[in-house]
Amino acid sequence: MENNQKYIDDFNPSEYYQTYYAVGTEILSGEWREFALKMLHETFTKGGVRGDTLIDFGSGPTIYHLLSACEVFNNIISSDFLDQNCIELQKWLRKDPNAFDWTHIIKYVCELEGNRQSIEEKSETLRSKVKQVLKCDALKSNPYDPIVLPPADCLLTCLCLEAPCETIESFCNVLKNFQNLIKPGGHLLVLSVLNSHFYYIGDKRFFSLYLTKDDLEKAFKEAGYIIEKMIVTPRNNKSRLDFCGYDGYYYILARKPQ
C-alpha cells in the first residue's frame, strides 16, 4: 500500500511519457516498444485473439498497446489506478491539443499492418473503440468496485502488475481475481519486464516486483489459467540499468478454462 501512495503522490504522466515514449527515447525503451508492438500485432492478426470486448487493465497514460487490438475488438474499456493517467487518456481520446503525441508509434504499427490505414485513420479507429476510461485497483477483489463489469473476451495488461503487487503471492491473487473479468474460454494477455526491482522517472525511483520466468509460470498455473504461449527475450541494450533495472521482456497469452 505504501507503493500505491508513492504512485499517487509522485507519478507524473508527462515525465513518464518524455522518459520512455517520446521521440528520441529509443535507448531506454526502444527494445520494449518493438517487442510489445510486434507481439501484439501477431496476437491480434494471425494469433486469432479477437472478440467483442477487451479490458485494458492499467493503461497508464498510454495508448500504444491498443493500436492492434482496436482492429479486432468492438469495445475497449481502458482503466488505470491513477486519476492523472485517466486524465491524460481522456485528453488523447478527445483530441486535446495538449495530449501526448503518439504519431511516431502509430506510424510504426501502421507499417506492421502494411499501411492499410493512414496514421489519422488508425487514430480514429482506436478512438472509436475506446468506450470507457475507468478507475481500477488491482488489489481489490473486484478491481472496478463499485462497478461490476460483464466478463470480457480478453483482458490485456502491459507494464502494470509489478507496480501494485509487492509479493508473488499478491501477483497470483490478482491473476485469480482477473478470472471474474474474463469469459470462460477467454484470454488473459500480459506483457511486461523481467527481473527488475525498480525504475526511475526523472529523479523519482519507483518499486517494481522482481519476477522470473519460473515465478510467472507458477503464478499463472496456480491462478487456474492455461498458458497457450509464453515468450521471454533478453534485453540486449544493457545501458542505463541503473535507471531501469530490468534485463528481459515477457509475453504470456493464457486462457481461462471453459
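Modeller: Let us begin with C158, which at 6% relative accessibility counts as buried (buried means under 20% relative accessible area, exposed over 50% and partly exposed in between, with a 1.4 Å probe and protein chains only). Before going further, please keep in mind that this is a predicted model, in which local features need pLDDT of at least 70 and side-chain atom pairs count only at pLDDT 80 or more, while totals for chains, interfaces and linings use all residues. Residues are numbered from 1 along each chain as its sequence is written, and side-chain values use heavy atoms, with hydrogens and water left out.

The structure holds zero disulfides, a disulfide being a pair of cysteine sulfur atoms within 2.5 Å. C158 is accordingly in no disulfide, and the nearest cysteine sulfur, which belongs to C160, is 9.3 Å away. C160 is itself buried, with a relative accessible area of 12%, and its sulfur lies 6.4 Å from the closest cysteine sulfur, that of C136, which is too far for a bond.

C158 also leads us to L191, which touches C158 along with W32, A36, M39, L40, L156, T157, L159, Y250 and Y251, residues up to four places away in sequence not being counted (a contact means heavy atoms within 4.5 Å). L191 and W102 are the residues with the most contacts inside the largest nonpolar core, which has 56 residues; such a core is a set of buried Ala, Val, Leu, Ile, Met, Phe, Trp, Tyr and Cys residues joined through side-chain atoms within 4.5 Å. Helix α3 gives this core its largest share, eight residues. Apart from it lies another core, of 33 residues, with Y144, L155, V174 and V190 among them. In soluble globular proteins, nonpolar side chains tend to be buried together.

L155 brings us to the sheet, where it is the bridge partner, in β4, of I55. Helices (H or I, at least four residues) and strands (E, at least two) are DSSP runs, numbered from the N terminus. Strand β1 (residues 51-57) and strand β4 (residues 152-158) run parallel and are joined by three bridges, two strands being paired if DSSP finds at least two bridges between them. The whole arrangement is an open sheet of seven strands with mixed pairing, in the order β3-β2-β1-β4-β5-β9-β8. Its edge strands are β3 and β8, each of which pairs on one side only, and neighbouring strands are turned by 15° against each other on average, direction ignored. Helix α3 (residues 26-44) packs on this sheet, touching β1, β2, β4, β5, β8 and β9, and its direction makes about 160° with that of β5; here axes are lines fitted to C-alpha atoms, for helices over the stretch in contact, and angles run from 0 to 180 degrees between N-to-C directions.

Another helix, α4, lies across β2 and β3 and runs at about 165° to β3. N85 has its place in α4 and, at 2% relative accessibility, counts as buried. Leaving out residues up to four places away in sequence, N85 touches F11, P13, G60, P61 and D80.

From here we can turn to the charged side chains, for which a search of the whole structure finds 17 salt bridges, each being a side-chain nitrogen of Lys or Arg within 4 Å of a carboxyl oxygen of Asp or Glu. In one of them K135 meets D83, with the closest N and O atoms 3.4 Å apart. This pair links distant parts of the chain, since K135 is in strand β3 (residues 130-135) and D83 in helix α4 (residues 83-93), 52 residues apart. K135 is partly exposed at 43% relative accessibility, and D83 is partly exposed as well, with a relative accessible area of 46%. E228 and R255 meet in a salt bridge of 2.5 Å, N to O. Because E228 lies in strand β8 (residues 226-234) and R255 in strand β9 (residues 248-255), this pair ties together parts that are 27 residues apart in sequence. D96 and R94 form a further salt bridge, at 3.4 Å from N to O; D96 is buried at 18%, whereas R94, at 53% relative accessibility, counts as exposed.
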